[in-house]
Amino acid sequence: MQTRRQFLSAAASYAAIAQSTRRRPNIVFLLADDAGYECFGPYGSRQYSTPILNKLADSGVKFTNCYSTPLCTPTRVALMTGQSNVRNYTDFGALSPGEYTFAKMFRESGYATAIAGKWQLQGNKNAKGTTPADSGFDQWCLWNTPITRRERYWNPALDVNGSLKPVTEDDYGPDHFSGFLLDFIEKNKDRPFFAYYPMVLTHSPFLPTPLSADRASKVEQRNFEDMVAYTDKIAGRFIERLERLKLIDNTLFVFTSDNGTHHSLRSKLNGRMITGDKGAPTDAGTHVPLIVYAPGMVRGGRVSHDLIDPSDFLPTMADAIGAKVPHSIDGRTFWPQLQGKEGAPRETLFTYYFPRPYAAAYDTPYQHPEVRFARDRRYKLYGDGRFYDVAADPAETRPLTPAAAAPVRVKLQATLDAMPAHGVRIPREHWERSAGAPSPRWHLLH
């Protein structure tokens, strides 16, 4: 007859086996391109139609203080590696070879991995890049790889696992990208999967979508609003498929954006007109949406004011699936907060921004100085000493005196001092030359 100790030991063993065999959560990650928080209904917009994201925000967790870098490649490098750009960024359009990415983490954890949408990480003449396969993706359907040349929207160029896919003038790129990942989810419904969708929407050129009332429209603002609506529709397609496959309760769905809206666009939000400031380190260039929906794992109906940085997504997803990151990173997990625990929210963020260091060194039109800043929810301190109350002055037109909000300034300075003064992957001569580079409202960058 079993003793009580033997019984408890056997029960513990069975529990351990059940825990080890229980399926780990799937991850579906949508990253919009060039869409600031002001473009989405959950943040108060009535100008844009986003009913799906409204529902996901109401039923999930909406974050109000998620800040990207001001441009796509820097954000995606930080997002994929969990590190600040000051440590591993080399140049626009490049993810350095050998970087440990979230896709590698998922693959090592036994996940099927796929990516669709915009790549633009395979390097240039000044900096070596990385292929999707070498970054950890089993399958891909991508625009902006070395074999793609045509547009991303109508009659798109599609690199599917290394070969160009035949398309026609009536083919719409976002439908192909989302369709590819939906098929991937269907094929891998019986195993854990990671589906990453760095979208081409809503980046310029601003063109009509398949649902636009006027398919010949040349009005960029109107077309952009249609593109935001189509982004919302695509999010709905993923939720619908996950529900149909009965996977929704075991899937973590994430929606965010890589940077602010293009500076040619204007959006009304809560009685204030916001001009997009993509490429600039202002709030209008960096404040992005973040919605997390996971009805089987995360209690919804909540709003979080925690500070979130692009580097935080890798450790958060690692926590969600029980994986370990093999080296130190700058990101901080917010999985405990999603679980309703206290966690360790950030008090400050550090951002390093030097998007085209080689351009700044070689007198090309794309000059931008090396920029670093620290911020909390209200204040921002640049490495050159400029200090702003960004809650009251989001356009950063009224610098504060050094004596203003002194305790906060000390805290932000400590954050700056804890990080390298210059990008460690950038040759010294490039950041030295950058110090004198012009920055007329930053927009030569685009």
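Which handedness, left-handed or right-handed, does the crossing of α6 and α7 have? The legends below take that up first, after a short note on the model.

This is a predicted model, in which local features need pLDDT of at least 70, side-chain atom pairs count only at pLDDT 80 or more, and totals for chains, interfaces and linings use all residues. Residues are numbered from 1 along each chain as its sequence is written, and side-chain values use heavy atoms, with hydrogens and water left out.

View 1. Two packed helices are described by the angle between their axes and the distance between the axes. Helices here, like strands, are DSSP runs numbered from the N terminus (H or I and at least four residues for helices, E and at least two for strands). Axes are lines fitted to C-alpha atoms, for helices over the stretch in contact, and angles run from 0 to 180 degrees between N-to-C directions. The axes of α6 (residues 173-187) and α7 (residues 220-244) come within 11 Å and cross at roughly 15°. The two helices are therefore roughly parallel to each other; angles under 35 degrees count as roughly parallel, over 145 as roughly antiparallel, 65 to 115 as roughly perpendicular and the rest as oblique. To settle the opening question, the crossing of α6 and α7 is right-handed. A crossing is right-handed if the near helix is turned clockwise from the far one by less than a right angle, and left-handed if anticlockwise. On the α6 side, the residues making the contact include Pro-174, Leu-181 and Ile-185, and on the α7 side they include Tyr-230, Phe-238 and Arg-241. Contact means heavy atoms within 4.5 Å. Sorted by class, this contact has eight nonpolar, one polar and six charged residues. Ala, Val, Leu, Ile, Met, Phe, Trp, Tyr, Cys and Pro count as nonpolar, Asp, Glu, Lys and Arg as charged, and the others, Gly among them, as polar.

**View 2. Helix α2 packs on α7.** Helix α2 (residues 51-59) and α7 have axes 7 Å apart, at an angle of about 55°. That makes α2 and α7 oblique to each other. Look for Pro-51, Ile-52, Leu-53 and Leu-56 in α2, which meet Asp-232, Ala-235, Gly-236 and Ile-239 in α7. This contact of α2 with α7 has six nonpolar, one polar and one charged residues.

View 3. Most residues other than glycine have a negative phi, and most peptide bonds are trans. In this view, the bond from Leu-201 to Thr-202 is cis, with omega near 10°. The bond from Ser-204 to Pro-205 is cis too, with omega near 5°. Thr-202 sits in the loop between β7 (193-198) and α7, and Pro-205 lies in the loop between β7 and α7 as well.

View 4. Asn-144 is not a glycine, yet its phi is positive, near 70°. You will find Asn-144 in the loop between β4 (139-143) and β5 (159-160), where it is partly exposed at a relative accessible area of 24%. Buried means under 20% relative accessible area, exposed over 50%, and partly exposed in between (1.4 Å probe, protein chains only). Ala-405, also not a glycine, has a positive phi of about 45°. Ala-405 belongs to the loop between β16 and α12 (406-417) and counts as partly exposed at 25% relative accessibility.

**View 5. Cysteines without a partner.** A disulfide is a covalent bond between the sulfur atoms of two cysteines. A search of the whole structure finds zero disulfides, taking a disulfide as a pair of cysteine sulfur atoms within 2.5 Å. For Cys-72, the nearest cysteine sulfur is that of Cys-66, 16 Å away. The sulfur of Cys-141 is 18 Å from the closest cysteine sulfur, in Cys-72, which is too far for a bond. Cys-72 is buried at 4% relative accessibility, and Cys-141 is buried at 2%.

**View 6. Thr-73 and its neighbours.** Thr-73 is part of helix α3 (residues 72-81). With 0% relative accessibility, Thr-73 counts as buried. Leaving aside residues up to four places away in sequence, Thr-73 touches Tyr-89, Asp-91, Phe-92, Gly-93, Ala-94, Gln-120 and Leu-121.

**View 7. Helix α9 is mostly covered.** Eight of the nine residues in α9 (residues 313-321) are buried, among them Phe-313, Met-317 and Ile-321. After α9 comes Gly-322, with a positive phi near 75°.
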